[in-house]
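Subject: Handover of a structure

Dear colleague,

Please find the structure below, together with its sequence. I would be grateful if you read the notes that follow with the model open beside you.

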Amino acid sequence: MILEDNLNLAVFCSESILKHGKGIDSVFHDEDGDFQFISNQEEDGKICLLSLEEVVDIDASVKEVLDIPIGYVAFRVSPTSEWIIEPI
């Protein structure tokens with residue numbers, strides 16, 4: 001995986017994932033090269049800044065999609081579903 005070597009990378013994460021245990025349903029690799037980890041069960045839309053390592057500690061399955069290209073999103077219906085990768 002491209003980013004596993006850079007676990008100190010700062011990424012954006014929904015506060016509901018960090019504080020309320022909501023699942024990571026979408027991983028965006030936006031046009032600026034930033035990663036965003038989002039829950040479909042957003043409560044308030046607040047975003048936290050975390051290290052990639054912290055996000056991987058929350059949900060190790062995101063390692064499967066850390067190599068998505070810039071401008072793509074990986075999403076899934078549930079935490080046990082397969083990731084689907086598409087352009088943003």
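Two strands are said to pair if DSSP finds at least two bridges between them, and the strands and helices themselves are DSSP runs numbered from the N terminus (strands: E, at least two residues; helices: H or I, at least four residues). Please note that this is a predicted model, in which local features need pLDDT of at least 70 and side-chain atom pairs count only at pLDDT 80 or more, while totals for chains, interfaces and linings use all residues. Residues are numbered from 1 along each chain as its sequence is written, and side-chain values use heavy atoms, with hydrogens and water left out.

**Strands**

β1 and β3 run parallel and are joined by 2 bridges; here F12 stands opposite Q36 in β3. Strand β2 (residues 26–29) runs antiparallel to β3, with 4 bridges between them, and H29 stands opposite F35 in β3. The hairpin of β2 and β3 has 5 residues between the strands, and G33 takes a positive phi near 90° in this hairpin.

**Nonpolar core**

A nonpolar core is a set of buried Ala, Val, Leu, Ile, Met, Phe, Trp, Tyr and Cys residues joined through side-chain atoms within 4.5 Å. Which members of the largest one touch the most other members? Of its 17 residues, they are I24, V27, F37, V55, V62 and W83. β1 (10–14), β3 (35–38) and α2 (52–58) each supply at least two residues of this core, and α2 gives the most, with 3 residues. Leaving aside residues up to four places away in sequence, W83 is in contact (heavy atoms within 4.5 Å) with residues including I24, V27, V62 and F75.

**Cysteines**

A search of the whole structure finds 0 disulfides (pairs of cysteine sulfur atoms within 2.5 Å). C13 is in no disulfide, and the nearest cysteine sulfur, that of C48, is 6.5 Å away. C13 is buried, with a relative accessible area of 0%, and C48 also counts as buried, at 14% relative accessibility.

Methods:
Buried < 20%, exposed > 50% of the residue type's maximum accessible area, 1.4 Å probe, protein only.
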